[in-house]
Amino acid sequence: MLRIEHLGIAVKDLAGSNDLFAKLLGELPYKTETVESEKVSTSFFKIGESKIELLQASNPDSAIAKFIEKRGEGIHHIAFEVENIENEIQRLLAEGFQPTGSSTQPFKGADNKLVFFFHPKTTNGVLIELCQEIK
Ligand code: ZN
């Protein structure tokens with residue numbers, strides 16, 4: 001693992017939260033992006049070498065909608081940047097961590113990244129994202 005690439009925060013109202021975090025961080029988001037496959041609208045803020053990702057459900061059956069229903073708004077996941085996502089997935093599977101879905105292949109996420117998620121039930125309640133920049 002190279003570093004914490006970003007923290008993901010689940011929000012109900014992306015536009016309102018963009019304003020809030022712009023005030024908090026003193027900077028505007030550098031991008032907003034909807035990921036259809038994940039049914040989320042996202043925005044990204046840069047803070048030094050890390051980022052904050054805000055996530056709003058773009059569909060009521062999105063995982064973000066379910067998360068907010070259960071736990072309310074708040075920190076949704078920690079994303080670690082890795083050098084070789086396939087190798088890291090295999091390493092963590094061998095260690096007994098469980099993926100969120102049935103696939104063990106990374107997929108295209110927001111912000112030009114290959115991503116993969118490990119289920120919070122095997123990681124002390126915190127959803128873990130691995131991400132690798134697509135070059
Ligand atoms: Zn993320």
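A pocket is an open set of points on a 1 Å grid over the protein atoms alone, where a 1.4 Å probe fits, with protein on both sides within 12 Å along at least five of seven lines; lining residues have an atom within 4 Å of a point. The model is predicted, local features need pLDDT of at least 70, side-chain atom pairs count only at pLDDT 80 or more, and totals for chains, interfaces and linings use all residues. Residues are numbered from 1 along each chain as its sequence is written, and side-chain values use heavy atoms, without hydrogens and water.

The largest pocket has a volume of about 890 Å³. Its lining comprises 42 residues, and those closest to the centre are Glu 38, Ala 63, His 76, Thr 100 and Leu 127. Helix α2 gives the largest share of this lining, six residues.

The zinc ion has as protein donors (N, O and S atoms within 2.8 Å of the metal) His 6 (NE2), Glu 53 (OE), His 77 (NE2) and Glu 129 (OE), which lie 2.1 Å from the ion. Along the chain these donors follow the spacing H-x46-E-x23-H-x51-E. Glu 53 in strand β4 (residues 50-57) and His 77 in strand β5 (residues 74-81) are 24 residues apart, a pair linking distant parts of the chain.

Relative accessible area is given below; buried means under 20%, exposed over 50%, partly exposed in between (1.4 Å probe, protein chains only).

| Residue | Relative accessible area | Class |
|---|---|---|
| Glu 53 | 5% | buried |
| His 77 | 1% | buried |
| Ser 37 | 55% | exposed |

Ser 37 and Glu 49 are 12 residues apart in sequence and 27 Å apart in space, C-alpha to C-alpha.

Methods
Donors = N, O, S within 2.8 Å, 3.2 Å for Na, K, Ca; no water. Helix = DSSP H or I, 4+ residues; strand = E, 2+ residues; numbered from the N terminus. Points joined across faces, edges and corners; volume = space filled by probe spheres on them.
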